[in-house]
Every structure is written in structure tokens, then in C-alpha cells.
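Please look through the sequence and the structure below before reading on.

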Amino acid sequence: MLTRTKRGWELPERMATPEHLVLNRRHLLKGLAAGPMLLGGTALIGTYGPDDALAQGDPDPSAGLYPLQRNPKYTLDRPITEERLATTYNNFYEFGSHKQIAKAAQKLPIRPWTVTLDGMVEKEQTIDIDTLLKRMPLEERLYRMRCVEAWSMAVPWGGFPMKALVDLAQPKAGAKYIAMTTFQNRDVAPGQKQFWYPWPYVEGLTIEEATNELAFIATGLYGKPIPRQNGAPLRLAVPWKYGFKSIKSIVRFTFTDQRPKSFWEVVQGSEYGFWANVNPEVAHPRWSQASEKPLGSDKRAPTLLYNGYAEFVAHLYKDMKGERLFL
Ligand code: MTE
């Protein structure tokens with residue numbers, strides 16, 4: 001029989017799931033038919049068992065690039081999350097709608113891997129990941145991440161500023177947004193067989209957001225190439241927004257003048273919007289966002305406006321009226 005020990009960061013079910021949110025089976029099926037509950041209260045409850053020990057995928061050929069020099073500008077107000085937690089408690093719906101997807105994600109082939117820059121750019125291009133890594137200014141940054149479900153972590157990402165990628169793409173003057181798309185491969189990602197989700201996963205930023213100094217393309221984590229479960233070989237890290245904006249395993253960046261409709265917006269637009277900026281005072285329709293549960297800690301911490309990054313990004317939104325900036 002499989003036994004499991006509760007980790008410090010797991011919440012007792014009664015704390016994580018207010019009674020009125022506990023879904024009965026009928027409700028659950030109805031919910032799944034309409035789209036899931038990323039992120040229902042139940043999503044906070046982690047399970048971790050012995051079979052989560054990671055089977056290794058093929059080694060990553062970029063390993064020699066790491067560790068990278070840390071950029072001292074980005075500091076943390078809390079300890080770095082334990083690596084084992086950040087790499088075994090994940091959201092990656094392509095591999096399952098629960099947190100223990102790390103093992104399943106090892107099936108993702110990360111070479112060959114190409115990234116296409118297309119749409120409103122001077123010249124469309126498809127570039128192989130190792131060539132891209134050679135051309136980008138790589139560095140390490142300590143960033144917080146706040147999931148909309150109210151758990152959070154603080155990790156050392158390796159990678160490069162997204163602005164460097166935008167410069168490489170050379171967008172045309174009329175481009176206003178960047179739509180990013182995750183790989184699509186139902187043979188390795190069983191979640192993509194779930195027809196009620198609008199695969200592939202898509203996310204979007206405005207060009208101003210993407211060229212803000214904080215927007216980062218992560219290719220490494222904890223001084224090594226980023227593991228598959230965290231979005232190898234490249235994922236977005238936009239720490240002032242809820243975690244679902246930080247799309248994983250990207251294959252395409254499309255420059256456009258139309259605002260992209262992101263995965264969760266299609267699934268449940270009333271709960272997950274385009275902007276998704278962190279704000280403790282704006283509750284999710286089903287739970288408060290006032291505080292969060294750092295992975296590995298048994299105490300909740302207050303959530304900060306723009307996840308503590310207001311000085312970098314608040315100006316981006318100051319003249320926007322009538323937009324749901326915090327959902
Ligand atoms: N990207 C893809 N392609 N698929 C996903 O399911 N989940 C998002 C985001 N990026 C997701 C994704 C959500 S909800 C969160 S909170 C973060 O990834 C989690 O990142 P982590 O597992 O590295 O902590």
C-alpha cells in the first residue's frame with residue numbers, strides 16, 4: 001500500500017477548500033464540460049508520493065551554459081524555495097490537471113526544438129533553441145512567482161530578457177501584442193487529449209509588457225537547464241502577473257495587432273483575464289487574493305500589489321480605464 005507523509009506546505013483540506021467550494025462529482029463533471037477549475041480551492045491540496053521520484057528525460061545539451069551569473073538587481077524578500085518543491089509541485093495541464101506531473105513531463109522531447117517568430121515582423125524566422133541560446137544575453141534572476149490559486153514560490157531562473165527576443169524579431173510598427181504558443185503533441189502530453197480544453201496553450205502580452213525589463217524568458221532553473229515540468233526548454237516568467245500567464249515550453253511568438261485570447265480566458269473568461277496582474281485587494285470570484293502560501297512554509301504571507309514589483313510595472317497600466325487589470 002502506498003503511504004504518504006504530508007509536507008509542511010500542504011494545507012489541510014478544510015483550510016484549502018471552503019465547504020461551499022467542495023465539488024461533488026456531478027458538479028465536477030459539469031465544471032469539466034464547461035472548462036475546468038484551474039484553480040478551484042481543491043487545487044491547493046498537494047499530494048506527493050514515492051512514485052513522483054523523477055525519471056530523467058534525455059540530458060539537456062545546454063547544461064554547459066549553467067550556472068549563469070546572477071543579476072544583483074532583482075532581490076527577494078524571502079528565502080529561495082526548496083528546489084525539490086518547485087520542481088515537483090507544478091501546473092502543466094498538458095501532462096495532467098493536478099500538481100504531480102513531473103514524472104509524466106519527462107516524456108517531452110526537448111531536442112530538436114525550434115522557436116518561430118512570426119506575424120507582424122520584418123522577416124519571419126524559425127530558430128533552433130541552441131542557436132537562440134548562443135545569441136541571447138543569458139543571466140540568472142531571483143524572482144517571486146504567485147499562482148492565482150494562492151501558492152507562491154521564489155526561484156532562481158536562468159534565461160534572458162524578453163526584450164532581446166523582441167529585438168531579434170524586429171516587429172513592425174503596427175504590432176501591439178505578442179501571442180505565445182506551447183508545443184502540441186498528444187502522443188507525449190496526455191492532457192492534450194482532453195477535448196474540453198482549447199489546446200494548444202496560448203498566452204499574450206502587450207509589446208510594452210514584453211519589453212519591460214522584468215519580462216524574462218526562462219531557460220534555466222537552480223543553476224541548471226530548466227526541467228521539463230517547469231517548461232523546458234523555454235518558458236515565460238512575468239513575476240508581477242499571476243502564474244498562469246507564464247506559459248511553458250513555447251514554440252511560437254506571434255506579433256499581432258489583435259489582443260490574443262489566452263487559454264484560461266477561453267476556458268473561463270469571468271475568472272481568468274488577459275491582464276491578470278497580482279493585486280491582494282481584488283479577490284478572485286471564488287477566493288480572496290489577500291494572502292498566499294509560499295511552498296515549503298506553513299505560514300501564509302500577505303500578497304503584494306503587482307506581487308511586489310509595482311516600481312517596475314505600475315506605470316504600464318496607469319492610463320487604462322475600464323480594463324480588468326487584476327483578474
Ligand atoms: N503553461 C502551459 N503550457 N500549461 C500550463 O498548464 N500552467 C500555468 C503556467 N504555465 C501552465 C503553463 C500555471 S497555472 C502556473 S501557476 C505556472 O505555469 C506554474 O509554473 P511552475 O509549475 O513552474 O511552478
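Pro72 counts as exposed, because its relative accessibility is 69% and exposed means over 50%. The model discussed here is a predicted one. Pro72 is found in the loop between α2 and α3, and its C-alpha atom is 7.6 Å from that of Arg141, although Pro72 and Arg141 are 69 residues apart in sequence.

The loop between α2 (25-34) and α3 (83-86) also holds Pro67. The peptide bond that joins Tyr66 and Pro67 is cis, with an omega of about 0 degrees.

Another cis peptide bond is found between Arg111 and Pro112, where omega is about -10 degrees. Pro112 has its place in the loop between α4 (102-105) and β1 (114-119).

## The ligand and its surroundings

The shell around the ligand is made up of ten nonpolar, six polar and three charged residues. Of the 19 residues around the ligand, those that come nearest are Tyr93, Glu94, Asn230, Ser246 and Lys248.

In Asn90, a polar side-chain atom lies 3.0 Å from an oxygen atom of the ligand, while in Asn91 a backbone N or O atom lies 3.3 Å from an oxygen atom of the ligand. From the side chain of Arg235, an N or O atom is 3.0 Å from an oxygen atom of the ligand. Taken alone, the ligand exposes 530 Å², and the protein buries 100% of that area.

Thr182 itself lies in strand β5, which covers residues 177-182. Is Thr182 buried or exposed? Thr182 is buried, because its relative accessible area is 2% and buried means under 20%.

## Helix α6 and the residue after it

Helix α6, made up of residues 162-169, is mostly covered, with six of its eight residues buried. The buried residues of α6 are Met162, Ala164, Leu165, Val166, Leu168 and Ala169.

The helix α6 is followed by Gln170, which has its place in the loop between α6 and β5. Gln170 is not a glycine, and yet its phi is positive, at about 50 degrees. With a relative accessible area of 47%, Gln170 is partly exposed, because this class holds the values between the limits of under 20% for buried and over 50% for exposed.

## Asn307, with a positive phi

Asn307 is a residue other than glycine with a positive phi, near 55 degrees. The place of Asn307 is in the loop between β12 (301-302) and α9 (310-313). How does its accessibility class follow, and what is the value behind it? Asn307 counts as buried because its relative accessibility is 1%, and buried means under 20%.

Arg252 is found in strand β10, which runs over residues 250-256. At 33% relative accessibility, Arg252 counts as partly exposed. In sequence, Arg252 and Thr114 are 138 residues apart, whereas in space their C-alpha atoms are 8.5 Å apart.

Pro294 lies in strand β11, which covers residues 291-294. With a relative accessible area of 16%, Pro294 is buried, because buried means under 20%. Along the chain, Pro294 and Ala150 are 144 residues apart, and their C-alpha atoms are separated by 8.5 Å.

How values were computed
Residues are numbered from 1 along each chain as its sequence is written. This is a predicted model: local features need pLDDT of at least 70, side-chain atom pairs count only at pLDDT 80 or more; totals for chains, interfaces and linings use all residues. Side-chain values use heavy atoms; hydrogens and water are left out. Buried means under 20% relative accessible area, exposed over 50%, partly exposed in between (1.4 Å probe, protein chains only). Helices (H or I, at least four residues) and strands (E, at least two) are DSSP runs, numbered from the N terminus. A residue is near a molecule or strand if one of its heavy atoms lies within 4 Å of it. A polar contact is a pair of N or O atoms within 3.5 Å; within protein, one must be able to donate a hydrogen and the other to accept it, and residues adjacent in sequence count only if both atoms are side-chain atoms. Accessible areas come from the Shrake-Rupley method with a 1.4 Å probe; for residues, only the protein chains shown count as cover. Ala, Val, Leu, Ile, Met, Phe, Trp, Tyr, Cys and Pro count as nonpolar, Asp, Glu, Lys and Arg as charged, and the others, Gly among them, as polar.
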